[in-house]
Amino acid sequence: RYRPAAMPELEIQPFSEEHIPDAAGLLEVRHNRHRDAEPGLPANVDYRAEIEALWGLDERSGAAAIRGGQLVGYLLGSHRDVKSWGSNIWVEYAGHAVREPELVRDLYAAAAEEWAVRGRDAHYALVPSTDTELVDAWFRLSFGAQHAAAIQETPEALDDPPPNVIVRRAVAEDVDAATALDLELPLHQDRSPVFSRVSAPTAITDEDREEFLSDIDDEEVALFVAEIDGKLVGELLMVPVERSSMHVGLARPERAAFLTFAATLPEARGSGAGLALTHAGLTWAREQEYPVTVVDWRETNLL
């Protein structure tokens, strides 16, 4: 009588340099699956270099899953700025790939034990949202959706702003009103239901004013403001994706615009000012011949 061969037992061991070549192959498979859903993502990726960059960080550790002598999954974590994220560990875009989604649960269990011993108790993972089974595996480890990163083809045509809204490029005379708007987003995210762990600033500084003046003089970026009845009520900043700290590595298109910041005064929300600003930013991206535009936001920012 035929009996199917038993599946080799899974072995979880600490990640080491010898695992990098096979890990790169697993990462390539995962990224290609992601690109099938999001073709604007980068095609020319050095997968081994992406993993080596993580492995070269000062504080990093992880786990490797071996079955039948072959690497079938890996997970690597490292820490970011403590001031912003507390005692943290991040599993970056290139920090995990598995043949079977369920393997990430075993890998995290092994890696996170060491992180907890070191007092690194705030854990974050960047996961392709289109890989639903992988997202589900992370969620069943008590993770949730905190932040989203998005990409779209830069649209060809956009609507005109409402007649009562004027959108224009910022000028030096806008410095006080525009920098005051810089407080609106962090103040909003300090409240329910976002409850950001990053404390909102309470006042505008000279450094903020200098940054504003630098942005309006920078030929590579576009800072737009919106006015209603002569009052500045909103702003939006567009930059090249190379200036983003979120859209990096496997998530950085080869050429893209980045909508990095936008805010409107509470009393102007619903007026069309924010939509008009967005249209101005996307029009600029099209004029600069950026094929795609990227953005990111907090999942709990209901606006």
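**Figure 1. Strand β11 and its two partners.** Strand β11 is mostly covered, with 7 of its 9 residues buried; buried means under 20% relative accessible area, exposed over 50%, and partly exposed in between (1.4 Å probe, protein chains only). The model is predicted: local features need pLDDT of at least 70, side-chain atom pairs count only at pLDDT 80 or more, and totals for chains, interfaces and linings use all residues. Residues are numbered from 1 along each chain as its sequence is written, and side-chain values use heavy atoms, with hydrogens and water left out. Strands (E, at least two residues) and helices (H or I, at least four) are DSSP runs numbered from the N terminus. β10 and β11 run antiparallel and are joined by 7 bridges; two strands pair if DSSP finds at least two bridges between them. Gly234 has Thr264 of β11 as its bridge partner. The pairing of β11 with β12 is parallel, over 3 bridges, and Ala257 stands opposite Thr293 of β12.

**Figure 2. The six-stranded open sheet.** The order of the 6 strands is β7-β12-β11-β10-β9-β8, with mixed pairing. From one strand to the next the twist averages 25°. Axes are lines fitted to C-alpha atoms, for helices over the stretch in contact, and angles run from 0 to 180 degrees between N-to-C directions. β8 and strand β9 (residues 222–228) run antiparallel, joined by 5 bridges. Val165 has Ile228 in β9 as its bridge partner.

**Figure 3. Helix α9 on the sheet.** Helix α9 (residues 273–287) lies across β7, β8, β9, β10 (231–240), β11 (256–264) and β12 (292–298). Helix α9 runs at about 30° to β10. Contact means heavy atoms within 4.5 Å.

Figure 4. Strand β2 (residues 60–67) has 7 of its 8 residues buried, so it is largely enclosed by the rest of the structure. Strand β1 (residues 10–14) and β2 run antiparallel and are joined by 5 bridges; Pro14 has Ala63 in β2 as its bridge partner. With strand β3 (residues 70–78), β2 forms 8 bridges, also in the antiparallel sense. The bridge partner of Ala65 in β3 is Gly73. The hairpin of β2 and β3 has 2 residues between the strands, and Gly68 takes a positive phi near 60° there.

**Figure 5. Surroundings of His19.** His19 is placed in the loop between β1 and α1 (20–37). His19 is buried, at a relative accessible area of 5%. Apart from neighbours within four places in sequence, the residues in contact with His19 are Gln13, Pro14, Ala64, Ile66 and Leu71.

**Figure 6. The whole chain, for reference.** The protein chain has 9 helices and 12 strands, and its C-alpha atoms fill a box of roughly 85 × 40 × 35 Å along the principal axes. Of its 303 residues, 43% count as buried. Among contacts with a separation of 6 or more, 72% are between residues 24 or more positions apart. The chain exposes about 16,500 Å², of which carbon and sulfur atoms supply 49%; accessible areas come from the Shrake-Rupley method with a 1.4 Å probe, and for residues only the protein chains shown count as cover.
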